Amino acid sequence: MPRTLYDKIIDAHTVCPLDDSGQLLLYVDRTILNEYTSPQAFSGLREAGRTVWNPSAALMVVDHVNPTASHRTAEVADREAAGQIAYFRENAHDFGIELFDILDPRQGIEHVVAPEQGLVMPGMVVAAGDSHTTAYGALGALGFGIGTSDIEHYLATQTLVYRRLKTLRVVVDGDLAPGVTPKDLVMEIIRRIGADGATGYAVEFAGPAIAAMSVEGRMTVCTMIVEAGARGAVIAADEKVLAYIQGRPRAPKGLLWDQAAQAWLALKTDDDAVFDREVHLAAQDVAPMVTWGTSPDQAAVITAHVPAPDSEADPSRRAALSRALDYMGLAPGAPLDGIAIDHAFIGSCTNARIEDLRDAARVLRGRRVAAGVRAIIVPGSTQVRAQAEREGLDRVFTAAGFEWRQSGCSMCLAMNDDVLKPGDRCASSTNRNFEGRQGKGARSHLMSPAMVAAAAVAGRLADVREFTPFEEVV
Amino acid sequence: MQPFIRVTGPAAPFPQPNVDTDVIMPKQFLKGVDRKGLDRGVFFDLRFGADGQTRPDFILNRPGWEGARFLVVGPNFGCGSSREHAVWGLAQLGIRALIGTSFAGIFNDNCHRNGILTVTLPATLVEDLMARVRRPDANGLTIDLPEQAITVDTDGLTIPFAIDAVRKDALVQGLDGVSATLARHAAAIRAFEGGHRQANPWFF
């Protein structure tokens, strides 16, 4: 029977079925641990006197609570953050798991670091204590987020109790227009299918626009599709994925590489496999997007206007829309490109890789951040930071008036000291515009890194297509 | 884990769609290394005003709903971050079950790992329950997990629900998942791992 890529990966990782409703024991190849969702899992192991099944299959990275100030220190001032980092170090030592600590040149956001190290390979199952683990779909692996209880289960057993998902294929035809990025595409997909549009599904992305997209662009798409509820994403590996992985520190080498590459290219959805649902988009119809509300599906093209609550037929959604506009301080009918900002943030697992920084630099070269706007760039990893410095991008950013920071999750979720104040309005290249996400009472507008750069220069949300002569930089 | 067999208590309506885990458990409660004190953090910015006083208009602060054991919720409840702190906090607040049309995947798993039952029902039934539990004199429910039924205490209306056998078993028995897997499947995992390594030597 023809099968989807998702089903092939699940079949190849099923230890045994657990009941007849689709629950099974799933073997998991890898995890990446962070300091804030893992402590109670390790405590559980300690209390039960258990060891980790395979310590070499895990990596520990400090990313969520560390400061990103440009001068980096091993110890952090915040007492609670310091406590989490200290316990993280103790757990790495006691359970024999490799740790990328704050001063490690490989430190960074877990979903940037793991691919960078060649830890994620096509056909793998990767489950980790962070919802954006869906990122690894870009490499032909199945990645998904888990809670702390499941981290403990994974560490002790190398498996999870897992329910097979339904499958949704998103086919993107055509080409993205100049100035339109993978972020705009995934924001349009989420807008179209809704914040729960993929709840209960694993999503496979396919079609010419995905094939034409870089591996980093695919990571943006796969990372953010969790905001439509997807519990996993996959894109079949191709030559681009092989080129991305080959030569990385943990990638196979020599004869083993040749065997792996052959197996990986063969791993894809069968031609006549049937998905539970399909969504088709034309890439050329996608334009630069911004969110105006407090849910990632509350988004529109930058040339549009703030919607009116009356436009929503469903009463509870209408109430949610009213509440969102109230929280965001926006009036129905106002043009989106007239919304003034105080902050600009480029960072996060979704959009802080080297291509994202190059995109932002193209807009910022020779321009200045508007008066009254505080603008920050937090690279996705310390290696991305070093690469950007080799390319001179840091000088473009600082000349434009951006702060050039060290790596971490930073203001994407504001668990460290990068927190906005009530009423602050931020153009942000992150993935969540929830109430209070970047600080209590703060207002977040999600968009691509290039759009954040354009907003920073304009002092308001702005259409990046008016900022860069794209034909000159292609 | 506290077993879930038959639980009776008041239910509160929470109709907003897409209630995310940042709203359920804000970031300032995520910085511990244990599970303590998270009942204080649940819905913190909705329950408490800027001055730290309880907000009398919030549903769980209102007479008749303040001791709620169940929430009847809008679609996609628990979306966003994987933070299990949201579920630990709900459990510490005394919430034993959530009833809605859909739950976010990670949150749903987290609930079942911590003794909180999630019941998924068609929209019309959720709307019906939502309307009933908006009345503080008619918001008492009994959920019987072995029987897979919700009963409205005032009029005896009974709504059956479906649940995966594995989840039901774990909740009813209050099973520790790790112990159960190791006791039942350790040998099978080792055997599987051997074959998996042979098929994918580059993973190891």
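Mentor: In chain A, 3 strands form an open sheet in the order 3-4-5, with parallel pairing. Its edge strands are strand 3 (31-33) and strand 5 (98-100) of chain A, each of which pairs on one side only. This is a predicted model, in which local features need pLDDT of at least 70 and side-chain atom pairs count only at pLDDT 80 or more, while totals for chains, interfaces and linings use all residues. Residues are numbered from 1 along each chain as its sequence is written, and chains are lettered from A and ligands numbered from 1 in the order in which they are written.

Trainee: What counts as a strand, and when do two of them pair?
Mentor: Strands (E, at least two residues) and helices (H or I, at least four) are DSSP runs numbered from the N terminus. Two strands pair if DSSP finds at least two bridges between them.

Trainee: How many bridges join strand 4 to strand 5 of chain A?
Mentor: Strand 4 (residues 58-61) and strand 5 of chain A are joined by 3 bridges. Within strand 5 of chain A, Phe100(A) is the bridge partner of Val61(A).

Trainee: Which strands make up the antiparallel sheet of chain A?
Mentor: That open sheet has 3 strands in the order 1-2-8. Strand 1 (14-17) and strand 8 of chain A are its edge strands.

Trainee: Where does strand 2 meet strand 8?
Mentor: Strand 2 (residues 23-27) and strand 8 of chain A pair in the antiparallel sense over 5 bridges. Tyr27(A) stands opposite Thr159(A), and Gln23(A) has Arg163(A) as its bridge partner.

Trainee: Is strand 8 of chain A buried or exposed?
Mentor: Of its 5 residues (159-163), 5 are buried, so strand 8 of chain A is largely enclosed by the rest of the structure. Buried means that 20 or more other C-beta atoms, placed from the backbone, lie within 10 Å of the residue's own. Thr159(A), Val161(A) and Arg163(A) are buried on one side, and Leu160(A) and Tyr162(A) on the other.

Trainee: Changing topic, how many residues does each chain give to the contact?
Mentor: Chain B gives 50 residues and chain A gives 62, where contact means C-beta atoms, placed from the backbone, within 7 Å. On the chain B side, helix 7 of chain B supplies the largest share, 10 residues.

Trainee: And what are the domains of chain B?
Mentor: The assignment, which is automatic or from a database, gives domain 1 (6-173) and domain 2 (176-204) of chain B. Their centres, taken over C-alpha atoms, are separated by 35 Å.

Conventions:
A residue is buried if 20 or more other C-beta atoms lie within 10 Å of its own, exposed if 12 or fewer, and partly exposed in between; C-beta atoms are placed from the backbone. Two residues are in contact if their C-beta atoms, placed from the backbone, lie within 7 Å.
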